[in-house]
Amino acid sequence: MGETVLTGMEVALGRPPFGSARIGLVTHRAAVTLAGTPGRVELQRAGVNLVRLFSPEHGLESAALDGVAVGDATDPLTGLRVTSLYGDHRKPTPEDLDGLDGLAVDLQDVGARCYTYQSTMILAMEAAAEAGIPVWILDRPNPVGGAHVEGILRRDGFESFVGQLPIPMRHGLTFAEIAAWARPEALELHKVTMRGWRRDMWWDQTGRPWAVPSPAIPDADTTLAYLGTVLLEGTEWSEGRGTPHPFRVVAGPEDPIEFSWADRNTFQPVAEGMLLLQRLCRRDGVLWRREGRALDLLFGGDDLRLALERDLPLEPLLERTAVEAAAFRESTAAEHLYG
């Protein structure tokens, strides 16, 4: 067990940076304190003038199933209105922001480009910039660390809610670092950084208990597997949702394949996920959803699908992804907030 990491939310509790500003908070159940108390409750107790909550995919309680629309609600813990950003709309409207002096974002990410909380943050930033109000990012650990980057840069023409930014699948950044890199020019951005986090840290080295950010990510180890086996969501093979080990035991009930590793520090889940798809395609033929578009959006381009359809060796694509990932890491180093 390593040192205990304090999140940006906990740092903000010690000295709230918002003054008397009327704040809307984008958050969910996984945004908790070390004691497991919802951050929104503690911020309210600390005197932060929270006037509205916003929830991402899976809802405020992180319980709605993948892809299921979530409606607006009232939070029983704070008494605040909760505006869903995964229902009728995904970007805050001017009406949603009416009466707010600023937005704060406190979301637990899993370190993958296609995990939609990142898109929710980016769209919230865009809306805030258009409304002329500031944004505070209350930073949290990247559970797969910040030492490794994997995958192609999302190609132009493949923008979607699982690919809002042109970054690799395994981006190696925290939300505050992503926000700084992708900040709209007109946005006043404030980063409330963590204390004690390092880029080489895995979740179990942070001293923090795992809080489930969505139903299919039951533990921190699943976040590493997710980076590779999430690609199966673009196919007719199963990624293990609904089983005790989602994203770690995949393919199907009659021929389960365990997605595992001996050394997490050298394991390359994105590359292994690509090779797993090649193995399945060679065995069963191509079984795409939405004629391959779903896979393209998850991967960030059609490079993988075309190679698999033509049964081409994946080594050239793997080499190219490694080059792109290394270049991305170098180009974003100026935004690193942690050593």
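The residues lining the largest cavity divide into seven nonpolar, two polar and two charged, where Ala, Val, Leu, Ile, Met, Phe, Trp, Tyr, Cys and Pro count as nonpolar, Asp, Glu, Lys and Arg as charged, and the others, Gly among them, as polar. What we are looking at is a predicted model, in which local features need pLDDT of at least 70 and side-chain atom pairs count only at pLDDT 80 or more, while totals for chains, interfaces and linings use all residues. Residues are numbered from 1 along each chain as its sequence is written, and side-chain values use heavy atoms, with hydrogens and water left out.

By a cavity I mean, on a 1 Å grid over the protein atoms alone, a set of points where a 1.4 Å probe fits but cannot get out, whereas a pocket is an open set with protein on both sides within 12 Å along at least five of seven lines, and lining residues have an atom within 4 Å of a point. A volume is the space filled by probe spheres set on the points, which are joined across faces, edges and corners.

The structure holds two cavities of 30 Å³ or more. The largest has a volume of about 60 Å³, and its lining includes W203, R208, P209 and W210. The second largest cavity, at about 40 Å³, is lined by residues including D109, D139 and R140, and its lining divides into four nonpolar, two polar and three charged residues.

Let me stay with D139, which sits in the loop between strand β6 (135-138) and helix α5 (175-182), helices (H or I, at least four residues) and strands (E, at least two) being DSSP runs numbered from the N terminus. D139 is buried yet has no salt bridge, and the nearest side chain of opposite charge, R199, is 7.9 Å away. Buried means under 20% relative accessible area with a 1.4 Å probe, protein chains only, and a salt bridge is a side-chain nitrogen of Lys or Arg within 4 Å of a carboxyl oxygen of Asp or Glu; Lys and Arg count as positive, Asp and Glu as negative. The side chain of D139 does reach the backbone nitrogen of A176, at 3.0 Å.

Turning to the pockets, about 480 Å³ of space lies in the largest, and of its 25 lining residues the closest to the centre are D66, T116, V162, E233 and L298. Helix α8 (residues 293-299) supplies the largest share of that lining, three residues. The second largest pocket has a volume of about 210 Å³, and α10 gives the most to its lining, with four residues.

How values were computed: Buried means under 20% relative accessible area, exposed over 50%, partly exposed in between (1.4 Å probe, protein chains only). A polar contact is a pair of N or O atoms within 3.5 Å; within protein, one must be able to donate a hydrogen and the other to accept it, and residues adjacent in sequence count only if both atoms are side-chain atoms.
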